[in-house]
Amino acid sequence: MRIIDTNEIAAKIYEMALRAGTRLTPSCKRALQQAENGENGAALFALHTLNENCALAERENLPVCQDTGMACVMLEIGQDVHLTGAPLTEAVNGAVRRAYADGYFRKSICDPITRENTGDNTPAAVHTDICAGERIKIAYLPKGFGSENMSAIYMLKPAQGVDGIINAIVETVKKAGSRPCPPVYVGVGIGGNFDGCAHLAKRALLREVGSANQRADIAEIERRALVEINNRGIGCQGFHGKTTAIGVSCEWAPTHIAGLPVAVNIQCHCVRCEKEIL
Amino acid sequence: MMKKLNLPLKCGEAEGLKAGDCVLLSGEILTARDCAHRRICDMINRGEPLPFELKNAIIYYAGPCPAKPGRASGSCGPTTSSRMDSFAPALLDLGLGGMIGKGEMSDEVRSAIVRNKAVYFAAIGGAGALYGNAIEKSELVAFPELLSEAVRRLTVKDFPVVVAYDCAGNSIY
């Protein structure tokens, strides 16, 4: 058994949050730089501006985007770990609170009815999974809501099959149009149940842009959906062009014989994600 | 070809802008987003005076990060404009000169832009650090309790935008 104080986890999350707010992932950065090739007009201007913005944010340690997001923290905790100290969720929220204050990040979390801001960007969206071993895997994803708002879940009929899944993905991106800050990164959950499917879609966003699912048939869905999305020509910021999405990432789980849930979680071009293992 | 424009726009200047034009804006703009719009429209409905001059103003749909020491503003890119669809026509009819945001807006907004010879500029969503750097001054104007959603008067220099809806009814989308 390994003993880990939740303070240690909080210290790690604090660093991850500060870094994530000011940097795109290397794979996202590469995809955006490559997207400039062959574009012209307003779409090229927009992509060029985004790449300049990314370099400036990194150089001067500024938030890449003012929407520093809702802090999404996913923890895989080995079952041979014994946690001590403050309750885990409290420790995570403490780390987020400090990072958003010290990083001069925007505090964007509010009451859903009164709209009163909590003032410190807490609570974070914390997910924990228990797995084998004595390590803790931490993934940190600050998620902006311009793109979150354009996400959707579908309870398809099994008969709709692969074509139905691809259609759901493409239609969601098409309907979102220019609003979620394209080029987008599309996280897709396939299977599970209603809530589990949405969580798969979020987890899919943790994968590197350009990576493929290990299952060949799922990877083929990713590939086909990406081609079809980019054939729509929405383009960077909706200014038309070749790149509406920089990637489609699908995760799957077994589902019920009566159903085919598909969740589409849209991520804007600002893919900010940190991963660490304790 | 990059046009340079000083704000406020002079009479007839909006009519010279075409959807798709890349423009660098300099001058004063006001920030307002969801909660501020609700309050502004409630004040108008109650017949109360507004805390700023609406006539010919440009509203930027944005809520910045806090400014780091030594900087005028924190990162400050645009938010999704369509959430302000229900507010924009009334403000345009009261003399608002135009808006800056990101993404499509409703047909009602487009008609109000044509009717009032106004303009809708798209800023590049996600370029928050770059826009924050183009802000030379930021003053709190109203609703400080809304934190990042408060109304601020920004003085901007060479603020890069694209004409999204022009007053002839054309759209870049």
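**Entry 1: a lysine in chain B**

I began with B:K117, which is found in the loop between α3 (107-115) and β5 (119-123) of chain B. The model I am reading is predicted. I looked up the backbone of B:K117 and found phi near 50°. That is a positive value, and the residue is not a glycine. Is B:K117 buried, exposed or partly exposed? I found 18 C-beta neighbours inside 10 Å, so B:K117 counts as partly exposed.

**Entry 2: a cysteine in chain A**

Next I turned to A:C181. I located A:C181 in the loop between α6 and β7 of chain A. Phi of A:C181 is near 65°, again a positive value in a residue other than glycine. Is A:C181 buried or exposed? I noted 33 other C-beta atoms within 10 Å of A:C181. Burial takes 20 or more. A:C181 is therefore buried.

**Entry 3: cis peptide bonds**

I stayed in that loop. A:P183 is found there too, between α6 (161-176) and β7 (184-191) of chain A. The bond that joins A:P182 and A:P183 is a cis peptide bond. I wrote down its omega as about 5°.

I looked at another proline, A:P123. What is the peptide bond from A:T122 to A:P123, cis or trans? I found it to be cis, with omega near 0°. A:P123 has its place in the loop between α4 and β4 (125-131) of chain A.

**Entry 4: an exposed glutamine**

I then picked A:Q214. I found A:Q214 in the loop between α7 (194-204) and α8 (216-231) of chain A. I counted its neighbours against the cut-off, which for an exposed residue is 12 or fewer. A:Q214 has 7 other C-beta atoms within 10 Å, so A:Q214 is exposed. I also checked A:Q214 against A:E251. They are 37 residues apart along the chain. Their C-alpha atoms are separated by 9.8 Å.

**Entry 5: helix α2 of chain A**

Which residues of helix α2 (residues 26-35) of chain A are buried? My list reads A:C28, A:A31, A:L32 and A:A35. They cover an arc of only 95° around the axis, so they lie on the same side of α2(A). I asked what covers them. The cover includes α3 (41-60) and β8 (245-253) of chain A.

The axes of α2(A) and α3(A) are 9 Å apart, and the two helices pack at an angle of about 145°. The crossing is left-handed. On the α2(A) side of the contact I noted A:K29, A:L32, A:Q33 and A:A35. They meet A:L47, A:L50, A:N51 and A:C54 in α3(A). By class, this contact has 5 nonpolar residues, 2 polar and 1 charged.

**Entry 6: α1 against α4 in chain A**

I moved on to another helix pair. Helix α1 (residues 6-22) of chain A and helix α4 (residues 88-102) of chain A have axes that come within 8 Å. They cross at roughly 35°. What is the hand of the crossing of α1(A) and α4(A), left or right? I read it as right-handed.

The α1(A) residues in the contact include A:I9, A:I13, A:Y14 and A:L18. The α4(A) residues include A:L88, A:V92, A:R98 and A:D102. I sorted the contact of α1(A) with α4(A) by class: 12 nonpolar, 3 polar and 2 charged residues.

**Entry 7: two domains in chain A**

I looked up how chain A is divided. Domain 1 takes in 2-22 + 64-143, and domain 2 takes in 146-272. Taken over C-alpha atoms, the centres of these domains of chain A are separated by 25 Å.

**Entry 8: chain B against chain A**

Last, I looked at where the chains meet. I noted 35 residues of chain B in contact with 33 residues of chain A. On the chain B side, α4 (128-133) and β7 (151-165) each supply at least two residues. Which element gives the most to that side of chain B? I found α4(B), with 5 residues. I sorted the chain B side into 17 nonpolar, 15 polar and 3 charged residues.

Note on methods
Residues numbered from 1 in each chain as written. Chains lettered and ligands numbered in written order. Predicted model: local features only at pLDDT ≥ 70, side-chain atom pairs only at ≥ 80, totals over all residues. Contact = placed C-beta atoms within 7 Å. Helix = DSSP H or I, 4+ residues; strand = E, 2+ residues; numbered from the N terminus. Nonpolar A, V, L, I, M, F, W, Y, C, P; charged D, E, K, R; others polar. Axes fitted to C-alpha atoms, helices over the stretch in contact; angles between N-to-C directions. Left-handed = near helix turned anticlockwise from the far one by under 90°. Domains from an automatic or database assignment. Arc of directions from axis to C-beta.
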